[in-house]
Amino acid sequence: MTIFEKLDSLDRRWVFAFQALVFCIVILKPVGLALTVGDQVRTAYETIDSLPAGSIVWFGTDYQAANAAELEPAALAILKHCFQKNLRVIGASTWPEGGAMMARLLNQVTPDFPDKEYGVDFLNLGYRPGGQVWLQQLTDDLPAAVGGVDHFGDPISEYPIMDGLNKIQDVALIVGIHVGTPGTPEYIRVITDPHNVPMITVLPAVSVAVTMPYLASGQLVSIVASLRGGAEYELISGFSGTAMTGMDSQSFMNLTIVIFVILGNIGFFYNKYKKGASGGGGANV
Amino acid sequence: MKREGPVALLMISGFLYIISVIVASPAMEPVAATLDDWYKVVVGFINLVGVISLTQVNGRAVLRRSEGWFYNAILLVVLYGYIILGLVGGLHNVAFNLIYDNILTPILMTIFSTLTFWIGSAAYRAFRAKNADAAILLVAAVVVMIGRVTLGSAISPAIPKAAEWILNFPTVAGMRAIEMSAAIGGIVLALRMITGLERSFMGFD
Amino acid sequence: MIKEGMVLTFILELIMGIALLVVVKRARAGKKIPVIHEIPGLKALEEAVGRATEMGAPIMFVPGKGDLADAQTYAALPVLEYVAKSCAEYDTRIIVPLGVAVVYPVAEAVTRQAFQVSGKGDAYRETDVRFINEQNWAWAAGINGIMEREKVSAQILFGAFWAESLFLAEAGNRAGAMQIAGTASTSQIPFFVAACDYTLIGQEIFAASAYLNPEPSTTGGLVVQDWGKMLGLVLVLLGSILVTLGSNAIAELMLK
């Protein structure tokens, strides 16, 4: 079997090995490819930047630890931007791990903003069961829907941040960090669309294509997509993080896949040609 | 009655819920709120059923000393150990949070990250220009893969633009078609369920 | 009386509900209704069971990660019932790993019932329908473990899936299992198409019940589903034309 024939059916471990090799090389020796800020991230940045100080931004941390590497850089940059603009932040989730995810974000950001106080400038309401049903309840009576307590089970009635916050419609902006269901469509269905609450959504790359129709219909302000979106937000906001360093590795990992796809096709056409040349009846796939 | 009871319950609650969503009536609001609360309570309790299933499957393996029973034992120890840890100290518990942040989170991130390898092998196998359709798919995939990362703009500013166009137009069109037809399928399924025509999910025909 | 933004929804659902009852009544009376075209992925279910029987290896049926509020879960259950019945008839083992606790008792009841109606109630192994984990990666890793340990011959992935879809499908491919997938989770369809032998796309999964169990209530539903799709198409076309001509009539109707 010649090398060209083998290209059509390489053992998948070769693909894995080359991907790992390329990743290690690029992480150790970054190339520093130029990054530009796209329209989506610029819109997200400008939307947050234009909110008056003291406005409440609702962080819907509807994701889990597995997605943190891809989504956290964008979430962190946005959270830092909110604190810099003196916006107040409330986090809550329909996902069981979401409360812990919000705690992770706050634990990483609050040391840079020592003047920010829990219950005054930010609050973590944690996870509540019920998915879309719970989101619907937030539009009727927010304190009742969360059961009157925060992520840690402490009563929220004494926290100043809750003053005047009776329904989720009272928040100025929703930042949804979403990976599945419940996620962006559920928020749009029961909160943002019927009650005209603007929403920016931070999504993994794979969810972008399915969410684009909501952007086109004006039901979303902006999509901050994946690690690339995080890197762009870090660039525009000036809050450096891990996303920028991941850009080169992402580029070259994609390139590796493309190279293997091309090699596979070379093998495929070589084998097809050989079959045709050996009198196989001129395969016409 | 064993059959008619659940079907009748489904029909009544289904109709009531639909009415509460569509009709603006103060009388319907408590009905919808009560059904919402019931759903939340049932979902909360049903997690116990999951724990019972896990205990049954893994406990049986341990008792019978099945192959790999040691791993079943570890699962049970971790399951109940972590539940107890959470119940004792709540979310203020340092050990509970340390385990979550330093064991569970890195493990989950690692498993998720292996997707990049699976995508590589699946793309290598699937993207063959076997015919004109497959060739278009192949070219579109390559353009999007390169155009969505910084490498694309480094090669040519046209590549990210082409990738954006593919995502904004052909992809959105296809996605909308699939989403809309699936939504209609879902509506008809729901109608069949609340009219009692679909019963297979109840464990009887 | 009717909530704002709900008028069109109400009218359309009413039309579809009435149409459903009329078509089912016609079908029950033996009157002619449209014929269902073949869906290769569903036809392949027989092949999957046959293959498993020949190999003496189990089949894995994964009913997705959706809960009982997800229509896709309900679309998957009749398929589970069909596959479980076939497995019972051919004395083939079926493993059903669950990632949502609330679906577990339902899937268990459906599988048990399928074995009982096939007269093989004794062959049903209750630990083969098992809850793995609510955490989707732990669930997916658990399924892959079963796939390797039990040398599964075919994997059927049906229902709502998220990022774990490729993880499951590639692991199945690596294990050499025949794979049939069906989902309306649009972001996951490309992964299934790339890694599985057959893939049912979008609304095809809602047609599965009618195809596998052709009776008036299911085929009638499928007919109405197609009519609904055509109605949607007409509204989209009409809306597009009117917007091009400068009228927002359809959009305004949807807001009423």
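Helix 5 of chain A is mostly covered, with 10 of its 12 residues buried; a residue counts as buried if 20 or more other C-beta atoms lie within 10 Å of its own, as exposed if 12 or fewer do, and as partly exposed in between, with C-beta atoms placed from the backbone. The structure is a predicted model, in which local features need pLDDT of at least 70, side-chain atom pairs count only at pLDDT 80 or more, and totals for chains, interfaces and linings use all residues. Residues are numbered from 1 along each chain as its sequence is written, while chains are lettered from A and ligands numbered from 1 in the order in which they are written. Helices (H or I, at least four residues) and strands (E, at least two) are DSSP runs, numbered from the N terminus.

Helix 5 of chain A covers residues 98-109 and reaches 17 Å from its first C-alpha to its last, close to the 16 Å expected at 1.5 Å a residue; the expected span is 1.5 Å times one less than the number of residues. The buried residues of this helix include Gly98(A), Gly99(A), Arg104(A) and Val109(A). They are covered in part by strand 1 (56-62), helix 4, strand 2 (88-93) and strand 3 (122-127) of chain A, together with helix 4 of chain B.

Strand 1 of chain A is itself largely enclosed by the rest of the structure, because seven of its seven residues are buried. In a regular strand the side chains alternate between the two faces of the sheet. In strand 1 of chain A, Ile56(A), Trp58(A), Gly60(A) and Asp62(A) point one way and Val57(A), Phe59(A) and Thr61(A) the other way, and all are buried. Strand 1 of chain A runs parallel to strand 2 of chain A, joined by five bridges; two strands pair if DSSP finds at least two bridges between them. Within this pairing, Ile56(A) has Arg88(A) of strand 2 as its bridge partner. The chain passes from strand 1 through helix 4 to strand 2 of chain A in a right-handed β-α-β crossover, that is, with the strands pointing away from the viewer, the path from the first strand over the helix to the second runs clockwise. Strand 1 also pairs in the parallel sense with strand 4 (residues 173-178) of chain A, over six bridges, and there Gly60(A) is partnered by Gly176(A).

Chain B contains eight helices and zero strands. Its radius of gyration is 26 Å, well over the 17 Å that the globule rule gives for 205 residues, so chain B is more spread out than a compact globule; the radius is taken over C-alpha atoms, and the rule is 2.2 Å times the number of residues to the power 0.38. The C-alpha trace of chain B spans about 65 × 55 × 40 Å along its principal axes. Of the 205 residues in chain B, 28% are buried.

Between chains A and B, 44 residues of chain A are in contact with 44 residues of chain B, contact being defined by C-beta atoms, placed from the backbone, within 7 Å. Helix 11 of chain A gives the largest share of the chain A side, 13 residues. That side divides into 28 nonpolar, 14 polar and two charged residues, where Ala, Val, Leu, Ile, Met, Phe, Trp, Tyr, Cys and Pro count as nonpolar, Asp, Glu, Lys and Arg as charged, and the others, Gly among them, as polar.

Notes: Two residues are in contact if their C-beta atoms, placed from the backbone, lie within 7 Å.
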